[in-house]
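Here are a few exercises to work through with the model open. Try each task before you read its solution.

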Amino acid sequence: MTRPAPIRVRIFVYNVGFGDCILLCFDYDQGRSRTVLVDFGSTQKAQFGAPPSMNDVAREIGEQCGGKLDVVIATHRHADHISGFAGSSGAVISGLQPEVVVQPWTEEPGLAVDATDSAVSSPRAGNRKFTARLDRLHAAAAQVLHQIPRLAATPGVTASLTDELRFLGETNIKNAEAVKALQAMGDRHEYASFGSDLGLADVLPGVGVEVLGPPTLAQSPEIAAMAASDADEFWHLAATADAVPGQPSVRDLFPGARTARRVPQEARWLVPRIDKMQAEELLSLVRILDDVMNNTSLILLFTIGETLLLFPGDAQLENWSYALQRAPNSADICARLSQTRVYKVGHHGSLNSTPRTMLWGGFARAGQGDPAERLITLLSTRAGKHGSESRGTEVPRGRLVEELEARSELVNTQDCRAASGWWREVVVPL
Amino acid sequence: MAVSSSAQIRVVAQDPSVRVDGRILTALVSLPVEDAREGPTGHRVQVIDYDATTRTMYARARPLDPADPSDEDIMGDPAFHARNVYGLVMATLARFEYALGRRVAWGFPGHQLKVVPHAFAVANAFYSPDSEALLFGYFDRGERTIFTCLSHDVVVHETTHALLHGLRGRFLRASSADQAAFHEAFADVVALLSVFSMREVVQRLIDHYAGRGSRASRKGAVSASALQPDRLKRSALFALAEEMVPERDPGGIGALRRSVDLEPDQNLLNRLEFRDSHRRGEVLVAAVCHAFLEVWVRRLQALGTDMVDRERAAEEGAGIAEQLLTMAIRGLDYTPPVDLLFGDFLSAALTADTEVRPNDERYHLRETLLSSCAAYGIRPASGTPDGCWRRSDKQLRRTGVRFGSVQSDPTEMFRLIWANHRCLRLPVTAYSWVSDVRPCLRIEPEDGLPVRETVATCIQHVKITAAELGDYGLHPPPGMHPDTDIVLEGGSTLVLDEYGLLKFEISNRLPKRTDESACKRAQARLDYLFESGAYAAGSAFRGRLAAVHRLRSTQTASSRSEVW
């Protein structure tokens, strides 16, 4: 018997500020629909008069999915992608009774628990070590957050430095409540890596869902290097996870040691510099953590007939490069991706999450053609929160936005600013 | 090393994880006598014991204390930590000055390097040129606190960064994969070879590692079978920063780097993973370590086939390490001032050694280093059979140049260069300056006669846009905007003999259409810089050393052509 296929896709993009929240509704004949929620998180509210709370967004999702979610996808653990699953907004989503929850392989419960193997003797052991280390890094991010009030009061540590520390620290904490809520949600959980079969044929009839990332450590040496499967590689970061003292008390390193009552004259030039360098060190470490977490992001390709929808979460180059360059079937993947109809712009439009030549350069529908046939791009972002123009790291990256505006049908959440229109519906006929 | 007038200070020989008979291994190191004050503070080093995490300023420590401290004092007394860094930094500085035959300035205007033994609770240690300081962090592992300031290798490594910055400031700049790696490699080489100057430490480590599990050693002797390359390689002598990572196997020790384990392979440097500066640096370190090991084992085999006198074994190791380390440090004077490649350094070291120590029959060190480097794909840039730079046969015009001043006055040296710019092939239109000029006095080890030289470095640059690259025989890398600002660099090191005659002219010149090799090199530099993001908006190399230490292997796939 031929499986039914969707006749159209409706995509709801919500302005949640700095974060991602997108609902896919696959509509079939006779008014039936199947729904997929891709991420539900925010670290900074939208910038207009009365921005929605996550509860507002959850209720809107409930309305638009007709009270039933079929699949929930949490691309990775960053707060700007999963924070909404915690608390009352999470309860609303849970009440929509999703059947399947899809997360990256790094989120498999228990994977980090038995991470004490002395050697990486199997791919799974390597994965365990990696996820255990991620757990410690989340703890480091939390401890960095604890230090911010003290750093903010330190001469020489600028407000922009502490702002960035706070932002990255908040993004990279463990988000335990949201993680727990996701684990409790749904009848079935899939922890996916490149090439995983998600078994969604019955849940989403006529829709193929292919996992293009993240690769496992065994699949991608680059991810392995990034993720420090080898103890050598990441000692600074991992060790700092233990080293950063928590609040309220900073422990006495040398009890009883003689200390100076005041900073001696010869040290007065240097001491504020040491304070600043400490803050910069912590910032560098949480930036690395941020990159590592982005590279655990799911990259999903939905295929309905010849229509392709590409959702890469926050994947950065290291994650992309396996599917686009190193996988045995990467040539075939690139060929198919060239026909992408809808592209969710990676990592809120950052400089290294939309591979410029390997991915963007291959999109056949990008250009000046018929708007009805052109590539549709979805950009969920909020400017001024991440990176800086002077360093060429601003999010969204100006050059990329110019390109998206010029060569695609861009839906930018920053344009959804009215109190009554903080979401946008995009209809893709099939 | 001979220090005529010296004081002694006790330091941790490796780090607190390296113990013999259950105690932390310490050693006495000799330092030049100076009027050291509490801090310790001397004329070149100022220890400032401030902890930014706990906001604590520890009291100044007594400067010298050769007493043998207990393990508890080593771990729990910040004053010992302060003396430990002071001692190791000063000893490393003295080692450089001995090799170079002159005083060595830091890479900043002041004369005192600030050293902060407990800077913050961050697992990192680095040299900050902006703050004129070495900063050592600390971190917890389980119940233990790991102090990077107690690691001999970490302290010497960071001090070497500071010294190298003073000697060749341009080597801190982005230029090529080799140059980025060289700072790390050179610092590792100095850290590893410095251990051998502490002979008692080497003796005890030989006992501890080579003797372990072998036939029972007689008093003062160790089984020759235990002194085999594989056994020695596994010891703490060839491991860098043992304490920074946990033990990986119960029978051995962990280490931040153990470059000696890198098997020779002529193609290593061409592999993608060896574009990373730490990995690439390990190739040079491995080549030097293998050369050292080969010579040492050869000498040990000559000492006997059954039992080997332990003291003699350590002495041989110390002698070889001293020669090799002196060769490496002295080689810096013979490197081009910009855009260094490993092959340049190899030729420089071999030349420096040949000039002062022509007779190499005792160790055959130069020949061994040459072959060991070849096994790792590092070939001398000189292209000569012995790897040394070719001597210059140019006769410089010296009309109006005062020889007395040319040895130390950059302006006088520039006058000499200006008068000979055609002969030296230095374009007069480029922005040019003499970055350094130093008289050097080195002593031939065999006959004790002095070798006097003057070493000067002249740097040139031109600022152009990418659209103008064609004028210099270059082309912009794909994706580079024509308006991109580009600085092309060139430079020459001139080595004059005691009569002011040109002995060596070691140059990486500005590219020129008619100079194919200079163009090839400059194009490779340009491509590397573009690929590594040096032309991206806001790119800065300030604090680069801290980042290099932190970001091992995290920049693998950041292909410049893929980012926005």
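**Exercise 1.** Work out how many helices and strands chain A has, and what share of its residues is buried.

*Solution.* Keep in mind that this is a predicted model. Start with the secondary structure: chain A has 12 helices and 13 strands. Next, go through its 430 residues, of which 53% come out as buried. Finally, take the contacts in chain A between residues at least 6 apart in sequence: 76% of these join residues at least 24 apart.

**Exercise 2.** Find the buried residues of helix α3 of chain A (residues 87-94) and say what they pack against.

*Solution.* First pick out the buried positions: S89(A), G90(A), V92(A) and I93(A). They span an arc of only 155 degrees around the axis, so they sit on the same side of α3(A). Now look at what that set packs against: β3 (33-40), α1 (54-64), β4 (71-73) and α6 (176-184), in chain A.

**Exercise 3.** How do α1(A) and α3(A) run relative to each other: roughly parallel or roughly antiparallel?

*Solution.* Begin with the axes, which come within 8 Å and cross at roughly 10 degrees. Angles under 35 degrees count as roughly parallel, so α1(A) and α3(A) are roughly parallel to each other.

Then list who meets whom. From α1(A) come M54(A), N55(A), V57(A), A58(A), R59(A), I61(A) and G62(A), and they meet S88(A), S89(A), V92(A) and I93(A) of α3(A). Last, sort the residues of this contact by type: 6 are nonpolar, 4 polar and 1 charged.

Definitions and conventions. Residues numbered from 1 in each chain as written. Chains lettered and ligands numbered in written order. Predicted model: local features only at pLDDT ≥ 70, side-chain atom pairs only at ≥ 80, totals over all residues. Helix = DSSP H or I, 4+ residues; strand = E, 2+ residues; numbered from the N terminus. Buried ≥ 20, exposed ≤ 12 C-beta atoms within 10 Å, placed from the backbone. Contact = placed C-beta atoms within 7 Å. Arc of directions from axis to C-beta. Axes fitted to C-alpha atoms, helices over the stretch in contact; angles between N-to-C directions. Parallel < 35°, antiparallel > 145°, perpendicular 65-115°, else oblique. Nonpolar A, V, L, I, M, F, W, Y, C, P; charged D, E, K, R; others polar.
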